[in-house]
Amino acid sequence: MNILKNFLLQLDRRIIYAAIALAVTIPLVLHFAVPLKPSPIVQSLFDALEALPPKSKVILSFDYGPSTLPENDPMAFAFARHLLTRNHRIYMMALWATGARNLDHTIEQVIEKEFPGKVYGVDYVKLGYKAGDEGLINTLFKDFKGMYTTDGHGTNINDIPMMKDITTLEDFDMILNVGSGRPGTKEWIQYAGDRGNIPIGGAVTAVEALLLYPYYPRQLKGLLGGLQGAAEYETALISKYPQFGTTGRQAQVYMGPQAVAHCVILLLVILGNVSYFLGRRRK
Amino acid sequence: MTMWDMIVLWIGGAMTLMIFSFLYKDNPFYKFAEHLFVGVSAAFWMVKAIQTTMIPNMWAAIWPKSVTGILHAAQHTEPNYVRLIPLGLGLLLLSRLMPRIAWLSRWAMAVLIGFTSGTYLVRYLQSDFIAQIRSTLIPLVVVTPQGLDVIQSLLNCVLVFGVLCALMYFFFSLEHRGVVGGISRAGIWVLMVAFGASFGYTVMARISLLIGRIDYLGEWLQSFGKIL
Amino acid sequence: MKKRVPLIIIFCVGTLFVLAIFLPFPPFPAMEGEVSVWFDILKGFAFVLGGGNLIRVTADKIRKGHPDRFYLWVTLVGFFGMLVVGLLQLGGPIAPGGDFTTEGLWFRRIYDGIFAPCMAAIFSTLAFFVSSAAYRAFRAKNREATILLIAAFVILLGRTPLGNSLTAWLPDFLNFLKIPWLFEKILMYPNTAGQRAILIGIALGIISNSLRLILGVERSYLGGERS
């Protein structure tokens, strides 16, 4: 008992680090998978997208950076797949400067590879990044083309067919935000959703997700929270559109290591409390 | 994968390991990567702001002919001299770098603060105050065609009274004693559940990021296999 | 000039954005749109100011013989390297739309090789620190801490197959004791209640502070003093 007590009380942080590293690496190498079922808040967003009539105009805003790619990229990929399969028009933009690279990544990895028939400027457009944060949303709400005078390639915005009937944010049927902080889903709700009664869908990191629950379901159509939310959306997408069974599992692949790491952390919490109570008894 | 892609991957892998080396202890490799990152990132934001906003929305609006052939913004055929105002304000903002005339930057700051105050006042009032109160006004007793839904009624009570109790905890105009103290204590419990859930989700988020990095390192290791 | 002009600007700009909501006819919407663009442009200048400030502070430290001056040079080299490569669009055609996609663009290579991996790695180290914190600080020391611990435990357990199988044997009428059910309801009800109370509190604070700023009651940004 004393050996256990001393071990727990003097446990080196590097042992904990090694345990976490192994808990993530081993399942990743072994491709350990976890069964998933979409939660109501995820299913609600999936259903909202399903309910949109074909050719709907949807903004996909990439408001995240490289630090949260593993969580946010699968969400953006899943949205792109879903929207293009339903023949919607995607307007890709970014409130974050780092989001522009992720936007390109989605075009390269998903749209160009999996939807070669989709035409730039007709089915999707890359508007890119503009500075201004929530100020940008405020500007777009009044005059979309006043800010986006060109697309991300420098082409005149009026030369792009799918931009012809766009003047303000209120011309869009839905706004999907893939984000990891501020500005993100909250700002889209405040400056666009509530102001213009535009449906908003959120896909955010797990850290951010719980802060957005108060907006659901009245101000937010649905929410993907972290890797789990992304994996649940992939499940919903694959069950409806089985053609994505092989390509659309980015988040699901990561859920195995996630589950094992959770178990290790739970074990650490238990051991930490055992050591605390043993230490208290000793005092 | 081109040779350049490979080189970029190797540098990225090396940078990742340099940052991870901090987990053992602070060391020159970590310091090198950290300082390089600070410099590169500051320039990154600056370049993006200039290229995506200042040139197309300010420069091209004031002097459209100067960007002919570079930026195909035919919309700005006529100069929009009103944009000289943000240019002037922007230059005033930069006066902050010169201590003698730094006070001029307050004029530009005043525009930023004025915009933020004006929009925040309205947007927070609508989305985070009125709409939140509206969303809390839900039935405490839920009756379905099958009869009384006890569980849903209890859950709705948790939501409504939870919000009220937690708000009471933040209300400092009354001393937290007696009934008020009891309500405020219940508010703390509600907040503790919220914070506990936040902790769980934070753990989840951080683990996800580590998974992504380890996957990247796996790709990095595989690139060595391709060469050998 | 130093204090009155900023107060007047804040009053005018702030009032314009409040009025634009209530008076949706010309010239207010157009004015709101134009001033919003100014704000976006000024945010761009703020990034330039940030870069300038970095040079000033770093150069100052180098001049004073800071012990880490080698690393400070690394910062400056990184900054100017990325700045030149980005502004001149080295390796690709000139396109001030900030286009990343062009193959061979050095800006893109530095982003992919240095910026993105460093940023991602710094954030991912938090996984280790949060695990260590879970072991050392996450303890049932009193009633409140125990509630927090239980909530976090259910949330973490709810995301694992173990959590599902632990309570899967329970009969349907005890559904409310199953981990997945508890997980979902904790998020939807007590969590929402707590977060909503915080949200309302913050909103009240922001609304009152915005009013103080617009009316010139709050002046600390002018140099620290209050009226």
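I take a salt bridge to be a side-chain nitrogen of Lys or Arg lying within 4 Å of a carboxyl oxygen of Asp or Glu. I note at the outset that the model I am reading is a predicted one.

**Entry: chains B and C**

With that rule in hand I looked at C:E34 and B:R83, which form a salt bridge whose closest N and O atoms are 2.8 Å apart. Across the interface of chain B and chain C the rule finds 3 salt bridges, and I also noted 13 residue pairs in polar contact between these two chains, both residues being at pLDDT 80 or more.

I then asked which elements of chain B give two or more residues to the side that touches chain C. I found α1 (3-20), α2 (28-62), α3 (84-94), α4 (105-136), α5 (150-169) and α6 (178-227) of chain B, and the largest share of that side, 28 residues, comes from α2(B). Sorted by class, the side of chain B that touches chain C holds 79 nonpolar, 24 polar and 10 charged residues.

For the extent of the interface, I recorded that 113 residues of chain B are in contact with 112 residues of chain C. The area buried between chain B and chain C is about 10,600 Å², and carbon and sulfur atoms give 82% of that area.

**Entry: chains A and C**

I turned next to chain A, of which 56 residues are in contact with 51 residues of chain C. Here the buried area is about 4,800 Å², with carbon and sulfur atoms giving 65% of it.

Between chain A and chain C I counted 5 salt bridges, and I looked up the pair A:D133 and C:K43, whose side chains meet in a salt bridge at 2.8 Å, N to O. The polar contacts between chain A and chain C come to 16 residue pairs, again with both residues at pLDDT 80 or more. Helix α11 (residues 250-282) of chain A gives the most to the side of chain A that touches chain C, namely 14 residues, and that side divides into 32 nonpolar, 13 polar and 11 charged residues.

**Entry: a salt bridge inside chain A**

A search of the whole structure gave me 24 salt bridges over all chains. A:D165 lies in the loop between α7 (144-147) and β4 (174-179) of chain A, whereas A:K57 lies in strand β1 (residues 57-63), so the pair ties together parts that are 108 residues apart in sequence.

**Entry: a nonpolar patch**

The largest share of the patch, 5 residues, comes from α5(B), while C:F176 is found in the loop between α7 (161-166) and α8 (179-214) of chain C.

**Entry: backbone details**

Where do the cis peptide bonds that I looked up lie? One joins A:Y216 and A:P217, with omega about 0°, and A:P217 lies in the loop between α9 (206-212) and β6 (223-225) of chain A. Another joins C:P26 and C:P27, with omega about 5°, and C:P27 is found in the loop between α1 (4-22) and α2 (28-63) of chain C.

Lastly I noted A:K55, which has a positive phi of about 70° although it is not a glycine; A:K55 is found in the loop between α3 (40-51) and β1 of chain A.

How values were computed
Residues are numbered from 1 along each chain as its sequence is written. Chains are lettered from A and ligands numbered from 1 in the order in which they are written. Side-chain values use heavy atoms; hydrogens and water are left out. Contact means heavy atoms within 4.5 Å. Buried area is the accessible area (1.4 Å probe) that two parts lose on being put together, summed over both. A polar contact is a pair of N or O atoms within 3.5 Å; within protein, one must be able to donate a hydrogen and the other to accept it, and residues adjacent in sequence count only if both atoms are side-chain atoms. Helices (H or I, at least four residues) and strands (E, at least two) are DSSP runs, numbered from the N terminus. Ala, Val, Leu, Ile, Met, Phe, Trp, Tyr, Cys and Pro count as nonpolar, Asp, Glu, Lys and Arg as charged, and the others, Gly among them, as polar.
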